[in-house]
Amino acid sequence: MRLARPLENLIDQLLKLPTIGPKTAQRLALYILKMPPGEVRQLAQAIIDAQEKVFPCSRCGYLTDTNPCAICLDETRDKNILCIAEEASDIIAIERTGYRGRYYVLNRNFNLMGDNSLEELNLEPFIEQLETGAVKEVVLALNPDIEGEVIARYLAGIVANHGVKATRLAHGLPVGGDIEFADEITLRRALEGRKEI
Ligand SMILES: [Zn+2]
């Protein structure tokens, strides 16, 4: 069955989004058709606004619409501790833990397994912060995969060269998880990161 071309086009556009499969794209498109016209305009405008007005903070790389961002301007935050993450979405997750230090987001859009090298990471604003002498500890909150491991080691070297302490997140067992079903890498790291209670 052939769909009306504008509907087909909407489904095709939605299909470009992550986690959206053909069925979901079709369901969303049909839902949008039934929405009040004002709401559809608001949705379209919100997408355009978000892309046009949100950009990475020049100091920390977090997504913002003011430069520097609200986190960098917040004087109540601990300047001694700087957390490095790969993506802005990681910051949103870390903020929920109640962490009150500062951040540096790598916003990397390349992969090391391809042609890219570590020199392509934009580290100048980060190194500038290390050079101010205010940072006493850098927390490496990188993903526990091979690339995260390579980047963490590279950054740890730079941090050490500035005489600053580098720490990394402990890798542990998920809360509610079962030791019996944990993979051996997770279990080994959990054992290495054990703490006195
Ligand atoms: Zn910032």
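User: Into which domains is the protein divided, and how far apart do the C-alpha centres of domain 1 and domain 2 lie?

Analyst: This is a predicted model, and the protein is divided into domain 1, covering 5–53, and domain 2, covering 56–168. The C-alpha centres of domain 1 and domain 2 lie 34 Å apart.

User: What makes β5 a partner of both β3 and β6?

Analyst: The same cut-off of at least two bridges applies. β3 and β5 are joined in the parallel sense over five bridges, while β5 and β6 are joined in the parallel sense over four bridges, so both pairs qualify. Val 139 illustrates this, being the bridge partner of Cys 83 in β3 and standing opposite Thr 167 in β6.

User: Why are β4 and β6 called edge strands?

Analyst: The four strands form an open sheet with parallel pairing, in the order β4-β3-β5-β6. The edge strands β4 (102–105) and β6 (165–168) each pair on one side only. Neighbouring strands of the sheet are turned by 25 degrees against each other on average, with direction ignored.

User: Which helix packs on the sheet, touching β3, β4 and β5, and which elements make the right-handed β-α-β unit?

Analyst: Helix α5, residues 88–95, packs on the sheet, touching β3, β4 and β5 (137–141), and its direction makes about 130 degrees with that of β3. The right-handed β-α-β unit is made by β5, helix α7 (residues 146–161) and β6.

User: What is in the largest nonpolar core?

Analyst: That core has 21 residues, and those with the most contacts inside it are Ile 84 and Tyr 103. β3, β4, β5 and α7 each supply at least two residues of the core, with β3 giving the most, namely four residues. Beyond its neighbours within four places in sequence, Ile 84 is in contact with several residues, including Tyr 104, Leu 106, Val 139 and Leu 155.

User: Why is Tyr 99 called partly exposed?

Analyst: Tyr 99 has 17 other C-beta atoms within 10 Å. A residue with 20 or more would be buried and one with 12 or fewer exposed, so Tyr 99, with 17, falls in between and is partly exposed. Tyr 99 has its place in the loop between α5 and β4 and, leaving aside neighbours within four places in sequence, is in contact with Cys 83 and Ile 94.

User: Why does Thr 19 count as exposed, and what is its phi?

Analyst: Thr 19 has 5 C-beta neighbours inside 10 Å, and because the limit for an exposed residue is 12 or fewer, Thr 19 counts as exposed. Thr 19 lies in the loop between α1 (5–15) and α2 (22–34), and its phi is near 65 degrees, a positive value in a residue other than glycine. Most residues other than glycine have a negative phi.

User: What makes the peptide bond between Asn 67 and Pro 68 worth noting?

Analyst: Asn 67 and Pro 68 are joined by a cis peptide bond, with omega about -5 degrees. Most peptide bonds are trans. Pro 68 has its place in the loop between β2 (63–64) and α4 (70–73).

Key:
Residues numbered from 1 in each chain as written. Predicted model: local features only at pLDDT ≥ 70, side-chain atom pairs only at ≥ 80, totals over all residues. Axes fitted to C-alpha atoms, helices over the stretch in contact; angles between N-to-C directions. Contact = placed C-beta atoms within 7 Å. Domains from an automatic or database assignment. Right-handed = clockwise from strand over helix to strand, strands pointing away. Core = buried A, V, L, I, M, F, W, Y, C linked by C-beta atoms within 7 Å.
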